[in-house]
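Here's a quick tour of some side-chain geometry, ring pairs included. Have the viewer open as you read.

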Amino acid sequence: MKIAIVILNWNGQKLLQQFLPSVIQHSQGADIYVADNASTDDSITFVKTNYPNIKLIQNQTNGGYAKGYNDALKHVNADVYCLLNSDIEVTPNWLTPIINTFKTEANTSIIQPKILDFNNKAYFEYAGAAGGFIDKYGYPYCRGRIFNTIEKDQGQYNDTTEIFWATGACLFIRSNVYQQLNGLDEYFFAHMEEIDLCWRAKNLGHIIKYTGQSTIYHVGGATLKTTNPRKTFLNFRNSLITLTKNANGFVFGKIFMRLLLDGVAAIKFLLQLKPLHVLAILKAHFSYYMQLPRVLKQRKAIKTKTKYYYTTSIVYDYFVCKKTEYRSL
């Protein structure tokens with residue numbers, strides 16, 4: 001089985017310098033690519049000078065995560081793609097459990113490893129943790145992380161199990177499935193695009209799994225910090241698009257509830273004296289409504305819509321019922 005590890009880079013020379021060595025050391029047998037998104041720093045020179053054996057793909061523009069990978073993967077020949085963030089440290093034998101799962105489970109198309117916090121290695125990392133799920137209104141959460149509550153890794157998620165979505169920080173996907181799905185939705189630019197990809201995969205009957213026998217450490221927020229209103233805008237807008245495209249049943253009832261719940265989130269930001277995040281939520285909704293005709297065409301093209309999400313509201317369970325850990329749901 002041919003594995004291609006593709007690291008998307010944008011002005012991340014320092015991250016490549018810090019994290020490429022672990023990927024090279026612990027990924028024997030895999031092809032390693034750096035896909036550069038039109039960086040203006042010394043990333044390309046650094047890779048060419050220090051790692052001449054690494055395959056370098058130079059995208060002509062910075063199309064974000066989605067277009068960046070879509071453009072780069074056209075130049076990659078492999079059975080399985082690994083979409084790997086540039087701020088990740090991998091561990092010995094991290095590929096073995098994942099390759100074994102792909103080899104023994106023909107219907108498993110996407111896999112995610114255990115993701116711990118690089119800066120606090122006893123805890124799970126926000127983006128992905130031990131595998132992702134979604135509630136009926138499109139809010140994502142993870143085993144090991146619900147909203148901003150992050151669990152300590154005590155071996156509680158050392159299993160291999162089916163999940164709803166795998167994080168884009170480290171996502172393994174069969175290349176033929178990626179092509180079947182026409183890749184990532186480039187309109188997203190960044191954030192939530194991996195959830196949309198996974199949901200579309202599930203609508204076609206593909207299985208997504210998490211394996212706790214493979215561990216990596218993720219810095220997180222290396223491109224956009226959580227304090228950046230641009231991140232708030234992308235998360236809220238792209239979440240609405242994902243829900244509209246993929247959810248089964250009467251979707252506009254869910255969208256109406258999202259309008260109310262996102263309004264509560266805006267009030268929370270206002271009370272925290274974060275007016276730019278309030279504005280980001282408003283912009284996210286206006287952008288979504290402007291794109292609604294296009295999104296509804298995409299929804300119509302998705303013939304089967306799988307009901308495979310948490311059937312109640314994670315917002316209600318977390319903030320009202322105080323269910324802060326996955327096992328309490």
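## Ground rules

A polar contact here is a pair of N or O atoms within 3.5 Å; within protein, one must be able to donate a hydrogen and the other to accept it, and residues adjacent in sequence count only if both atoms are side-chain atoms. This is a predicted model, where local features need pLDDT of at least 70, side-chain atom pairs count only at pLDDT 80 or more, and totals for chains, interfaces and linings use all residues. Residues are numbered from 1 along each chain as its sequence is written, and side-chain values use heavy atoms, with hydrogens and water left out.

## Around N59

A polar atom in the side chain of N59 sits 3.1 Å from the backbone oxygen of G68. N59 belongs to strand β3 (residues 55-59); strands (E, at least two residues) and helices (H or I, at least four) are DSSP runs, numbered from the N terminus.

With 7% relative accessibility, N59 counts as buried, meaning under 20% relative accessible area (1.4 Å probe, protein chains only). Leaving aside residues up to four places away in sequence, N59 touches L8, D36, N37, A38, G68, D71 and A72, where contact means heavy atoms within 4.5 Å.

## Rings

There are 16 aromatic pairs in the structure. In Y81 and Y178 the ring centres are 5.7 Å apart and the planes at 85°, so this pair is edge-to-face. Rings of Phe, Tyr and Trp (its six-membered ring) pair if their centres lie within 6.5 Å, with planes under 30 degrees apart stacked, over 60 edge-to-face and the rest tilted. Y81 and Y178 are buried.

Definitions and conventions: Buried < 20%, exposed > 50% of the residue type's maximum accessible area, 1.4 Å probe, protein only.
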